[in-house]
Protein chains: 4
Amino acid sequence: MKKIDLNCDMGESFGAYKLGMDDAVIPYISSANIACAWHAGDPSVMNHTVAIAVEHGVGVGAHPGYPDLLGFGRRNMDCTMEELRNYVIYQVGALQAFCSAHATRLQHVKPHGALYLTAVENEDVARAVAEAIVRVNPDLLYVALAGAKGELMTRIGQEVGLKVVYEAFPDRAYSAEGTLVSRRQPGAVIKDPRAVSERALRMVKEGAVIAVDGTAIPLDVQTLCVHGDNPKAVDLVRSIRETLEADGVAVTPMGKE
Amino acid sequence: MKKIDLNCDMGESFGAYKLGMDDAVIPYISSANIACAWHAGDPSVMNHTVAIAVEHGVGVGAHPGYPDLLGFGRRNMDCTMEELRNYVIYQVGALQAFCSAHATRLQHVKPHGALYLTAVENEDVARAVAEAIVRVNPDLLYVALAGAKGELMTRIGQEVGLKVVYEAFPDRAYSAEGTLVSRRQPGAVIKDPRAVSERALRMVKEGAVIAVDGTAIPLDVQTLCVHGDNPKAVDLVRSIRETLEADGVAVTPMGKE
Amino acid sequence: MKKIDLNCDMGESFGAYKLGMDDAVIPYISSANIACAWHAGDPSVMNHTVAIAVEHGVGVGAHPGYPDLLGFGRRNMDCTMEELRNYVIYQVGALQAFCSAHATRLQHVKPHGALYLTAVENEDVARAVAEAIVRVNPDLLYVALAGAKGELMTRIGQEVGLKVVYEAFPDRAYSAEGTLVSRRQPGAVIKDPRAVSERALRMVKEGAVIAVDGTAIPLDVQTLCVHGDNPKAVDLVRSIRETLEADGVAVTPMGKE
Amino acid sequence: MKKIDLNCDMGESFGAYKLGMDDAVIPYISSANIACAWHAGDPSVMNHTVAIAVEHGVGVGAHPGYPDLLGFGRRNMDCTMEELRNYVIYQVGALQAFCSAHATRLQHVKPHGALYLTAVENEDVARAVAEAIVRVNPDLLYVALAGAKGELMTRIGQEVGLKVVYEAFPDRAYSAEGTLVSRRQPGAVIKDPRAVSERALRMVKEGAVIAVDGTAIPLDVQTLCVHGDNPKAVDLVRSIRETLEADGVAVTPMGKE
């Protein structure tokens, strides 16, 4: 039986500020990337998010980012590799404590925003993040971009001794080279639920994605990134999950054997 | 053979800002209360401080505080108990990750500044801190004020299932009731190294302190709080340690059997 | 012709976090209390909010708060009076610069959340805020609670040389002593648009409010506090404005002659 | 009579953290670049620093930086130009309020750290900073790097309508092209007080600096950047000032006619 993980960024609310529809989307996903109070989130939000993840059998992941709440972790910051390593150790540890408090184990780490994008492109950053993870706990899974563009991040993760999990984006257009089409391009984000659900299904069942030029690109995928920002996004996730399950695909946390 | 722990606040530097003489004082202490980047400290400072603690066989403790870097955690903040609990879980977890990174275990938790002072006086705050600790790891030691004033904090710590460690201040004047004389009173802080060292020795060997009225107050003490803020403070710690060891007292981490 | 000011907290969004329906409510109000990036808001939000205020002929006010974004400025912090004074000077100045950038003048200052509530009760805090304002610009208006409870704040404001503007809350229940009924009491917040609009009208035309015991309490009012948190709140403000204008009351900024 | 300004970064302490010897160096300088509580400084430090500047007849300048206290404003951040403009407006306004509180006027703006370095190289950033300044107050002076490397920043400043003041570094080695030698090169920072003082004098009297290859480079200079980080730095500033005055050069704030 085929299986796949659906991961979603969660726990991005902060104090009086609410962001995302975590409680609505969590029944449909299998892994949560939880913000660690640097670029988003706060300790009470982390506590609540881990609680609902445990309640729904959802795997808990840390979603560390740059120290930039004002920029939501989306702006590059010119940190040293030692700083980055320590920032990630810190954030992963903070989330791990909430896992202990809820009698669960941290499953994975997926860097957030600018930190993710930089890790994809920059060997030093990919290594700093990977080294941080391995130092906290070498059993943690390292989520990396699937496809050609993700090879650097994957190689570094494996070099430091981590198990790497390949992630794809069913709602994003892919180039013929197997890379994500920039969000600035028209059509880069696919919004039709049926189209996205079918892409998700093809990724899982055929290990492939149809690129913008119509060719089928092979893509080894273990987790699909979905979003819970708004009611439409939640509907989309439900549609993806139903499509997958209707076709006999099991949706399970990436860390579950 | 008598033994005692010497604990010292450490890791209070932040970014470009240096505070404390951690590297100079660490050879003389046996436990470090390490700031967790809320009221002081940052991840790189935490990493360094845990590293030197491990190197010197010093027990590592978390020193969580209010989210108030601007006020150095010395100002009361009117948080809910749920917020406090989550703030402490967060900070303890963050430090624990650096312990993992340096292959050591977190030994204890001692709240910082206004959080400590409030925990001494306020049952709800004492409980919020204690509950946070027990949720992260029930084996962690909870440092509480020795003497009459510390009974509330001690009772709460024990109620939630923690092992409580009693702390005294050899450089502070005690009232006849066994409470600390307010810093605003003249003579509240004792500066003469010989006097402080002798007080430390009496605390350990006789389980007592001479109060301001000359009476000997019984005081059950397992750790003595010392400071490493400046060269004089470091000299004082060395003097305390030498005085203790010359009299056959072993200085060992509070968590060591 | 009778006139009144309608003031509303605005500019409380922060980075990726949206809060309040500023663009929807601004056509109906006459003064904006703009957050200054300490408890809420950020420089880009401040810039936008001042821009739309100018566009709608709305008076611009600073809404300084405690340095507590995590608690939205709603938690008391035990600051010294010197700290408070400097925090308010800082925030008022920051907003003033955006007024300069948009060729307008800062009209008033109204402390936010816990800072407002403390200023109402605590003479030192009321004075620290008032002194800060007068040091930046003695022509700024100081918004204080109308009625018996606001007398302390008013007296302090006048003592330091500020013009004080009395504020009432048409959607809040008043006790027979002319104080606000605590939000924890049932019925403390009135939600029926017609009831609230009528209370607003009575405040303006009769200088009175009907207390919870049915008696009419005299209340000298120059500005009414309204809210723009959600679509219902915006509807309520529109209803208040329409009711006032239908009865010949002019809604104008508090600082307009 | 020749005249020159000596500018120094000040007000970089934060809360419990002390940085720089502001009180010791201020008698020897004529302009202070005061941190605005983003990369360094806090409102109470700003208040004190403006007070001592006024007391010593020192011109007050704003020293805005990136929102990165943890990195002391030394790390590049990938902000939009609109964000940068608003960040600078905010910080300049905050300092201006302390000038009002001390009955003085803000004299100049000099960006700090990574913001300065980026403004030197990047036209958009130079323009964002300049536009921010002009929007707050077009009479403020814009401090820009003297020499070939500073031409971009200078041109932009003048284009938006600001008066630009050229700054040189007497303790830094210059290349034959008139640019600063990177700090990573040996000899980039000159430490001998006599050598630095003579370079300062030559800059002022001859409008030139001796480059690393021995050639004299023309350099139009109106302010010299000095430092007050430690006792040696303070001695160096005193030496520079005494050397200048002994040779008949008046040390006066950049904004003084």
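1. Let's start with polar contacts between chain B and chain D. In this predicted model, two residue pairs make polar contact across that interface, both at pLDDT 80 or more. How many salt bridges does the rule find there? Zero, for chain B against chain D.

2. Now look at who is doing the touching. On the side of chain B that meets chain D, you'll find eight nonpolar residues, four polar ones and three charged ones. In total, 15 residues of chain B are in contact with 15 residues of chain D.

3. Next comes area. For chain B and chain D, about 1100 Å² is buried between them, and 76% of that lies on carbon and sulfur atoms. Which three residues supply more of chain B's share than any other three? Find A16(B), Y17(B) and L70(B) in the structure: together they give 55% of the area that chain B buries against chain D.

4. Over to chain A, taken by itself. Chain A has eight helices and 10 strands.

5. Is chain A's radius of gyration what a compact globule would have, or something else? A compact globule of 257 residues would come out near 18 Å, and chain A has 17 Å, so the two agree.

6. Last, the inside of chain A. Of its 257 residues, 61% are buried. Counting contacts in chain A with a separation of 6 or more, 73% link residues 24 or more positions apart.

Conventions. Residues are numbered from 1 along each chain as its sequence is written. Chains are lettered from A and ligands numbered from 1 in the order in which they are written. This is a predicted model: local features need pLDDT of at least 70, side-chain atom pairs count only at pLDDT 80 or more; totals for chains, interfaces and linings use all residues. Side-chain values use heavy atoms; hydrogens and water are left out. Contact means heavy atoms within 4.5 Å. Buried area is the accessible area (1.4 Å probe) that two parts lose on being put together, summed over both. A salt bridge is a side-chain nitrogen of Lys or Arg within 4 Å of a carboxyl oxygen of Asp or Glu. A polar contact is a pair of N or O atoms within 3.5 Å; within protein, one must be able to donate a hydrogen and the other to accept it, and residues adjacent in sequence count only if both atoms are side-chain atoms. Ala, Val, Leu, Ile, Met, Phe, Trp, Tyr, Cys and Pro count as nonpolar, Asp, Glu, Lys and Arg as charged, and the others, Gly among them, as polar. Helices (H or I, at least four residues) and strands (E, at least two) are DSSP runs, numbered from the N terminus. The radius of gyration is taken over C-alpha atoms; the globule rule is 2.2 Å times the number of residues to the power 0.38. Buried means under 20% relative accessible area, exposed over 50%, partly exposed in between (1.4 Å probe, protein chains only).
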